[in-house]
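Subject: Structure for your review

Dear colleague,

Please find below the structure that I am handing over to you. I would be grateful if you would look through it alongside the notes that follow.

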Amino acid sequence: MQIWVDADACPGVIKEIIFRAAERRQIQTILVANQMLRTPPSKFIRAIQVPSGFDVADAHIVEQLSAGDLVVTADIPLASLVIGRGAHAINPRGELYTTANIQERLAMRNFMEELRGAGVETGGPSAFSQGDRQAFANQLDRFLAKIPPP
């Protein structure tokens, strides 16, 4: 099992939580972005820079992941592809995407996109909070607790 991080828009505090978990659990963790990323020196953590372009990082993650891997992403279409490949997806606010909830999330995302396309002001997500950070850490810990140690 590996952890993949859709790293371009992932908050730094979430990356730090992931780095600590990767070290503690000795899990290979790969950050994918279209810019250079700094990672701590670790045999468990690495970054991959992909070319710029629409969904290039997403495509790389989907092509490389294996069933059972975990992907950290706020990108709902990417989460849907990940789940379709038998892997798991969690967003930086701690929501675990599942086969039971991903279609609803996709439908809502598409609806909001249609509203924005029609000129309706929908606002954006709320500011990232300490509660979001804690929810992510808790969800990650619960997920990793189900994985046998190396």
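Two strands are said to pair if DSSP finds at least two bridges between them. Please bear in mind that this is a predicted model. Strand 5 (residues 88–90) and strand 6 are joined by two bridges and run antiparallel. Within strand 6, Tyr97 is the bridge partner of Ala89.

These strands belong to an open sheet of six strands, whose order is 3-2-1-4-5-6 and whose pairing is mixed. At its edges are strand 3 (45–49) and strand 6 (96–97), each of which pairs on one side only.

Two helices lie across part of this sheet. Helix 2 (residues 56–64) lies across strand 1, strand 2, strand 3 and strand 4, running at about 165° to strand 1.

The largest nonpolar core has 24 residues, of which Ile3, Val5, Ile18, Val72, Phe136 and Leu140 touch the most other members. At least two residues of this core come from each of strand 1, helix 1, strand 2, strand 4 and helix 5 (130–145). Helix 1 supplies the largest share, six residues. Another core, of 20 residues, lies apart from it and includes Val71, Ala79, Val82 and Ala87.

Phe136 deserves a separate note. Leaving aside neighbours within four places in sequence, Phe136 is in contact with Ile14, Ile17, Ile18, Val72, Ile90, Asn91, Pro92, Arg93 and Gly94.

Yours sincerely,
A colleague

Key
Residues numbered from 1 in each chain as written. Predicted model: local features only at pLDDT ≥ 70, side-chain atom pairs only at ≥ 80, totals over all residues. Heavy atoms only, no water. Helix = DSSP H or I, 4+ residues; strand = E, 2+ residues; numbered from the N terminus. Contact = heavy atoms within 4.5 Å. Axes fitted to C-alpha atoms, helices over the stretch in contact; angles between N-to-C directions. Core = buried A, V, L, I, M, F, W, Y, C linked by side-chain atoms within 4.5 Å. Buried < 20%, exposed > 50% of the residue type's maximum accessible area, 1.4 Å probe, protein only.
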